[in-house]
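I opened my notebook to look through this structure one piece at a time.

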Amino acid sequence: MKIAILGHGTVGSGVAEILWNRNSEVSSAAGKSLELGCILDIRDFSELPYSDRFTKDFSEILADPEIGIVAESMGGIEPAYSYLKAALEKGKSAVTSNKELVAEKGAELLSIARAHNANFLFEASVGGGIPLIRPLYSAMSAAGITEMAGILNGTTNYILTQMFRFGADYSAALADAQRLGYAERDPSADVLGWDACRKIAILSSLVWGKTLRPEEIPTEGIANITAEDVSAAEICGFSIKLLARAKLLEKGKIFARVSPALVRNGSPLSTVSDVYNAVLVRAETTGEVLFYGKGAGKMPTASSVIADIVECAKTEGNIGSVFWEDGAQSAAADTEALAEKYFIRARGLSKEDIFFLCPAAEIIGTEVFITPPLTACELSVLKEKINEHGVLLSKIPLFE
Ligand code: HSE
């Protein structure tokens with residue numbers, strides 16, 4: 001069977017290299033011969049040993065009956081969406097590392113795949129090289145997953161780690177992450193939290209079977225986190241992580257949120273550093289399960305694309321458990337009503353002031369305290385009161 005790769009960028013070139021250099025391992029994993037068939041890219045790569053496989057014309061791939069699987073790593077919605085839709089309609093399986101595409105068009109592409117007895121798989125779209133999607137829809141499919149909390153963006157985790165360890169400058173750490181090939185083409189998708197938002201939308205849709213749209217998830221990135229926040233948290237025994245969370249509530253509604261959050265030192269997510277990602281899954285039968293590994297970068301992500309290619313090649317027909325519905329009703333819960341504890345840093349407040357403003361506060365450092373669970377409305381009242389007596393410097397939710 002021949003494989004086509006759409007896009008010879010960071011991930012696509014890794015997929016081509018693995019298919020070329022580790023062909024016997026890949027073929028043996030699939031139980032049949034898999035061959036690098038065709039690579040779609042507008043650029044020329046004449047120096048490569050497989051330069052003769054490049055094309056600039058997608059219709060060649062579509063028309064080739066020997067190509068059974070199309071692996072997309074172009075990024076963005078178009079033309080990736082139209083290409084994969086056309087491939088699936090021809091009965092070819094499609095795999096992708098493109099989280100934007102899966103988060104926006106996943107339900108539709110899954111349904112087209114099902115209708116044509118093909119597969120649409122996306123292991124590489126969340127958690128880079130961590131085998132995560134497949135365990136969620138297979139090994140944990142009946143575990144009764146109630147909650148997921150993940151460090152799902154390698155770039156921001158790298159930046160926060162540099163700030164935490166070395167007091168590094170934000171822009172220098174971001175430039176480093178870009179140089180190492182972790183960041184998105186437009187790094188605002190990383191630092192503003194959109195990338196993590198798309199990833200938790202995918203996990204939630206897959207696990208609970210209903211589309212959760214990225215735009216329904218309150219999302220805040222790390223742009224407002226200061227070196228002072230990081231150091232105050234550290235002194236109090238916490239680290240700050242960009243967390244993407246989703247929780248199943250009563251009546252099947254989902255609470256989801258992406259934001260910086262305080263994680264207590266010693267808890268499983270607190271030690272996840274640099275480009276590493278981790279997802280903590282809580283389920284009725286298993287209790288806590290932690291998935292951990294490199295969340296970005298060429299070869300880890302390409303390895304997950306290869307895993308999907310192997311899965312498609314091995315599988316006869318559509319894998320029914322990889323599916324979610326595009327319901328008319330939103331799956332998102334009203335987050336305003338949910339209460340969370342917050343880490344508050346404020347200037348100019350005495351202990352007495354803090355207890356007066358927030359009687360159940362847990363004071364954990366100088367001008368630093370943790371609130372009892374507060375709704376958005378209660379938090380906003382507290383903010384106003386703090387600013388009447390002093391200056392609110394930061395308010396970061398606490399993950400427990
Ligand atoms: N920009 C993403 C990250 C790449 O930093 O995690 C992997 O999805």
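**Entry 1: words I need.** Before I look at strands, I note that two of them pair if DSSP finds at least two bridges between them. A strand itself is a DSSP run of at least two residues, numbered from the N terminus. I also remind myself that this is a predicted model.

**Entry 2: a first pair.** I looked up strand E5 (residues 93-96) and found that E5 and E6 pair in the parallel sense over 2 bridges. Which residue stands opposite Leu121 in E6? I found Val95 there.

Entry 3: I then followed the neighbours and wrote down an open sheet of 6 strands, in the order E3-E2-E1-E4-E5-E6, with parallel pairing. Strand E3 (54-55) and strand E6 (120-121) stand at its edges with a single partner strand each, so one side of each has no neighbour in the sheet.

**Entry 4: strand E15.** Next I picked E15 (residues 391-399) and asked which strands pair with it. Strand E9 (residues 254-264) pairs with E15 in the parallel sense over 2 bridges. Here I saw Val263 opposite Phe399 in E15. Strand E12 (residues 342-347) pairs with E15 too, but in the antiparallel sense and over 6 bridges. In this pairing I noted Arg347 opposite Val391 of E15.

**Entry 5: two backbone details.** I checked the peptide bond between Glu78 and Pro79 and found it to be cis, with omega about 5°. Pro79 belongs to the loop between strand E4 (67-72) and helix H4 (80-89). My other find was Lys251, a residue other than glycine whose phi is positive, near 65°. I located Lys251 in the loop between strand E8 (238-248) and E9.

**Entry 6: where the ligand is.** I turned to the ligand and found it in the largest pocket. The residues surrounding the ligand include Lys99, Asn153, Tyr182, Glu184, Asp195 and Gly295. How does the shell divide into nonpolar, polar and charged residues? I wrote down 3 nonpolar, 4 polar and 5 charged. Helix H7 (154-166) and helix H10 (194-208) each supply at least two residues of this shell.

Entry 7: A backbone N or O atom of Gly154 is 2.7 Å from an oxygen atom of the ligand. For Thr155, an N or O atom in the side chain lies 2.6 Å from a ligand oxygen atom. With Asp190, the ligand atom is a nitrogen, 2.7 Å from an N or O atom of the side chain. How much of the ligand does the protein bury? Taken alone, the ligand exposes 260 Å², and the protein buries 93% of that.

Terms used: Residues are numbered from 1 along each chain as its sequence is written. This is a predicted model: local features need pLDDT of at least 70, side-chain atom pairs count only at pLDDT 80 or more; totals for chains, interfaces and linings use all residues. Side-chain values use heavy atoms; hydrogens and water are left out. A residue is near a molecule or strand if one of its heavy atoms lies within 4 Å of it. A polar contact is a pair of N or O atoms within 3.5 Å; within protein, one must be able to donate a hydrogen and the other to accept it, and residues adjacent in sequence count only if both atoms are side-chain atoms. Accessible areas come from the Shrake-Rupley method with a 1.4 Å probe; for residues, only the protein chains shown count as cover. On a 1 Å grid over the protein atoms alone, a cavity is a set of points where a 1.4 Å probe fits but cannot get out, and a pocket is an open set with protein on both sides within 12 Å along at least five of seven lines; lining residues have an atom within 4 Å of a point. A molecule sits in a cavity or pocket if more than half of its atoms lie within 2 Å of its grid points. Helices (H or I, at least four residues) and strands (E, at least two) are DSSP runs, numbered from the N terminus. Ala, Val, Leu, Ile, Met, Phe, Trp, Tyr, Cys and Pro count as nonpolar, Asp, Glu, Lys and Arg as charged, and the others, Gly among them, as polar.
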